[in-house]
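This report goes through selected features of one protein model, section by section. The sequence and structure come first.

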Amino acid sequence: MSFEYTLHKECSESRARLGEFSTPHGKIDTPIFMPVGTKATVKAMTPHELEELGAQIILSNTYHLYLRPGSELIAEAGGLHKFMNWERPILTDSGGFQVFSLSDMREIEEEGVEFRSHLDGSKHFISPEKSIEIQMDLGADIIMAFDECPPYPAEKEYVQESLELTTRWAERCKERHNREDQALFGIVQGGMHRDLREQSAEEITALDFPGYALGGLSVGEPKDLMKEVLSYAPQLLPKDKPRYLMGVGTPEDLFNGVLNGIDMFDSVFPTRVARNGAVFTSAGRITIRNATFKRQFTPLDPECDCYVCSNYTRAYIRHLLKRDEILGLRLTTYHNLYFLSELMAQIRKAIRQDRLMVYREEFYRKYGLEL
């Protein structure tokens, strides 16, 4: 099975790229934002609704699906696509970030990681090989190498040892992986240190994966530090393969990543804040639960043409949320995902028309962001 990245155009005013990545379940236009369906579902959304709002690819979580319902059961069902009735591409992460976030419930060694389940405290062990076996069972189009994601802050010596372990694990992941209908991406670590990022990129790209991710960002570091790393790290990766920034999902972070040459993004942020009543609008983010919206019989965003904004008012959606009605969460989630899908579509259009910087200025001015 052929996985091919096609670079259609490079922005003349930035490092932004317009491209396309072919997978067995369809082509992905890049740059792209991927909604997160941690447990084989994007919370509150049906697959039909995700297609309707423009989602081209979704992400699911290896760690959570390994614990429940189990990767063997999903394989028995015909793989993740059939299990969840999603016909478009899927990316699964390696489970590494979730395992390493259990800092007081896991132990790292050369062979892999022993950890206790956050569900029932049961002991488990995931090695690079085990992570790949789980992901082969799941059958996603794009899968990720098992890596160690160092926390922020961390001593430089630890970050270096961590990235070298990640390289050794990446080699083992590649050796174990044998499904031709899956693209295995490598992950570059190195924390906030340029020399370590350069070392990691050199080691991981030498393994010749079909795509690469920047890990270890959006882990609590100041925004300025993330921007600093993004100013050079994407350029350490091959030009002819997709570049993925893990765990980023605010409009300003998406713009910053695109301008520095990132092609793929994911984050639980837009769906998580939606369930708390926060929605994106062209004039900035608002919290629809607030009393100020009680008598506003206008759309969430007057400039948005999504299903929600075409049919419901701020006052009604606020009522639903205040009364803990499930429909309220569904409507805010739908709108937020549509907003980011449309934002990425407009970014792709702006790159194609050589007006990305103009579009960013217009968006930032209305949204209330500083350039």
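## The E2-E3 hairpin

Phenylalanine 21 stands opposite isoleucine 28 in E3. The two strands involved, E2 (residues 17-23) and E3 (residues 26-30), pair in the antiparallel sense over five bridges, and a hairpin of two residues joins E2 to E3. Strands count as paired if DSSP finds at least two bridges between them. Strands (E, at least two residues) and helices (H or I, at least four residues) are DSSP runs, numbered from the N terminus.

The model is predicted: local features need pLDDT of at least 70, side-chain atom pairs count only at pLDDT 80 or more, and totals for chains, interfaces and linings use all residues. Residues are numbered from 1 along each chain as its sequence is written, and side-chain values use heavy atoms, with hydrogens and water left out.

## Strand E6 and its parallel partners

Strand E6 (residues 90-93) pairs with E5 in the parallel sense over four bridges, and two bridges join E6 to strand E10 (residues 142-144), also running parallel.

Buried means under 20% relative accessible area, exposed over 50%, and partly exposed in between (1.4 Å probe, protein chains only).

## The sheet E7-E8-E9

Three strands form an open sheet in the order E7-E8-E9, with antiparallel pairing. Strand E7 (106-108) and strand E9 (123-126) stand at the edges with a single partner strand each, so one side of each is left without a neighbour in the sheet. From one strand to the next the twist averages 15 degrees. Axes are lines fitted to C-alpha atoms, for helices over the stretch in contact, and angles run from 0 to 180 degrees between N-to-C directions.

Strand E8 (residues 113-116) is joined to E9 by four bridges. Within E9, isoleucine 126 is the bridge partner of valine 113.

Serine 162 has its place in helix H7 (residues 156-176) and is buried, with a relative accessible area of 1%. Leaving aside neighbours within four places in sequence, serine 162 is in contact (heavy atoms within 4.5 Å) with Glu148 and Pro150. A polar contact of 3.3 Å joins the side chains of serine 162 and glutamate 148. Such a contact is a pair of N or O atoms within 3.5 Å; within protein, one must be able to donate a hydrogen and the other to accept it, and residues adjacent in sequence count only if both atoms are side-chain atoms.

Glutamine 235 lies in the loop between H9 and strand E13 (243-245). This residue is partly exposed, with a relative accessible area of 36%. Not counting residues up to four places away in sequence, glutamine 235 touches Arg15, Arg243, Asn260 and Gly261. Glutamine 235 and arginine 15 are 220 residues apart in sequence, yet 8.8 Å apart in space, C-alpha to C-alpha.

## Helix H13

In helix H13 (residues 314-322), the buried residues are Arg314, Ala315, Ile317, Arg318, Leu320 and Leu321. They pack against strand E16 (286-287), helix H12 (307-311) and helix H14 (326-352).

## Pocket and cavity

On a 1 Å grid over the protein atoms alone, a cavity is a set of points where a 1.4 Å probe fits but cannot get out, and a pocket is an open set with protein on both sides within 12 Å along at least five of seven lines; lining residues have an atom within 4 Å of a point. Grid points are joined across faces, edges and corners, and a volume is the space filled by probe spheres set on the points. The largest pocket holds about 910 Å³ of space and is lined by 44 residues, of which Phe97, Gln98, Gly247, Asp266 and Val268 lie nearest its centre. Elements that each supply at least two residues of this lining include strand E5 (58-61), helix H5 (96-101) and helix H11 (269-275).

The count comes to one cavity of 30 Å³ or more. About 60 Å³ of space lies in the largest cavity, and its lining includes Ile32, Phe33, Leu337 and Met344. Strand E4 (32-35) and H14 each supply at least two lining residues, and the largest share, four residues, comes from H14.
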